[in-house]
Amino acid sequence: MKFIVCDSYEEMSREGAAIIAELMKKKPDCLLGLATGSTPVGMYRELIRLHEAGEIDFSAVRTYNLDEYYPISPENEQSYRYFMNHNLFDHVNIKKENTHVPDGSAADPDAACAAYEAEYQATGGADIQVLGIGQNGHIAFNEPEEKLYAATHVTGLTQNTIEANARFFASVDEVPTRAMTMGMGTIMAARKIILLANGKNKHAAVEAMKEGRITTAVPATLLALHRDVVVICDREAYHG
Ligand code: PGA
């Protein structure tokens, strides 16, 4: 696991975008695993800027997102599908049919998760998977538990995550209590992983990754088992 410690959120965003842009230039039809949350927004903004500057082309890029609330309509402004359209896809020349987010409106969520997993695995996995990290060390919606799932699955959100996400909703009662999420094995199927973390509230989770020991109580520590993980963080997340 490699750590890149940046002076600012803007620098982190540029570092992350530069890694993705380099891949896109080398492999125009690359597959990107993407994440939502407030952390990657700056990186998406930088990718949009690079696209507008004529440096990167999304016309052949394919994307798979980590997760989606359940149940939620893709038109709901709090859905992760809406987030991705709004923060990246609507501003670049990506083909919408090449973008994939678990379907929060599926009638049978378990079947939809199994189909998402099969479709994703059939691609051979992402060239780069982008991750954020929860204060409790979750990645995607793989929350601290004694047992973690390997594959895409439906899961309940912990109270900690519901409260952390309530800031995006009118009230905490409106936060969906379930989600569809890639599992640990799905995430590990990527050839390279970049994890972004900023702010003091992420320090404990980053510290657990620095320790290099793995525990399902901090799901992000399992990334130590992957051969190519780059953690891009600011000084507060790294040093506390
Ligand atoms: P955040 O969420 O980027 O909004 O802090 C990260 C996460 O929970 O994975």
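This is a short tour of a predicted model, stop by stop, with what to select at each one.

Before you click, residues are numbered from 1 along each chain as its sequence is written. Because the model is predicted, local features need pLDDT of at least 70 and side-chain atom pairs count only at pLDDT 80 or more, while totals for chains, interfaces and linings use all residues; side-chain values use heavy atoms, with hydrogens and water left out.

**Stop 1: the sheet**

Switch to cartoon view and look for an open sheet of seven strands, in the order S1-S10-S9-S6-S2-S3-S5, with parallel pairing. Strand S1 (2-6) and strand S5 (99-100) sit at the edges with a single partner strand each, so one side of each has no neighbour in the sheet. Strands here are DSSP runs of E, at least two residues long, and helices are runs of H or I, at least four, numbered from the N terminus. Two strands pair if DSSP finds at least two bridges between them.

Now select S1 together with strand S10 (residues 229-234): they pair in the parallel sense over five bridges. Pick out Cys6, and you'll find its bridge partner in S10, Asp234.

**Stop 2: strand S9**

Next, select residues 193-197, which make up strand S9; five of its five residues are buried. Buried means under 20% relative accessible area, exposed means over 50%, and partly exposed is in between (1.4 Å probe, protein chains only). Which residues cover the two faces? Ile193, Leu195 and Ala197 are on one side, with Ile194 and Leu196 on the other.

S9 has parallel partners to show too. Five bridges join S9 to S10, and Leu196 stands opposite Ile232 in S10. Strand S6 (residues 128-131) pairs with S9 over three bridges, and Gln129 has Ile193 in S9 as its bridge partner.

**Stop 3: helices H1 and H2**

Show helix H1 (residues 9-26) and helix H2 (residues 41-52). Their axes come within 8 Å and cross at roughly 55 degrees. Axes are lines fitted to C-alpha atoms, for helices over the stretch in contact, and angles run from 0 to 180 degrees between N-to-C directions. H1 and H2 are therefore oblique to each other; angles under 35 degrees count as roughly parallel, over 145 as roughly antiparallel, 65 to 115 as roughly perpendicular and the rest as oblique.

Contact means heavy atoms within 4.5 Å.

Stay in H2 and select His51. Is His51 buried or exposed? His51 is buried, with a relative accessible area of 19%. Leaving aside neighbours within four places in sequence, His51 is in contact with Ile56, Phe58, His91, Val92 and Asn93.

**Stop 4: helix H3**

Move on to residues 80-87, helix H3. Six of its eight residues are buried, so H3 is largely enclosed by the rest of the structure. Colour Tyr80, Arg81, Phe83, Met84, Asn85 and Asn87 to see the buried set. What covers them includes H2, S5 and helix H5 (159-165).

**Stop 5: two backbone spots**

In the loop between S4 and H3, find Pro71. The peptide bond from Tyr70 to Pro71 is cis, with omega near -15 degrees.

Finally, go to Ala140, in the loop between S6 and strand S7 (153-156). Phi of Ala140 is near 50 degrees, a positive value in a residue other than glycine. At 11% relative accessibility, Ala140 also counts as buried.
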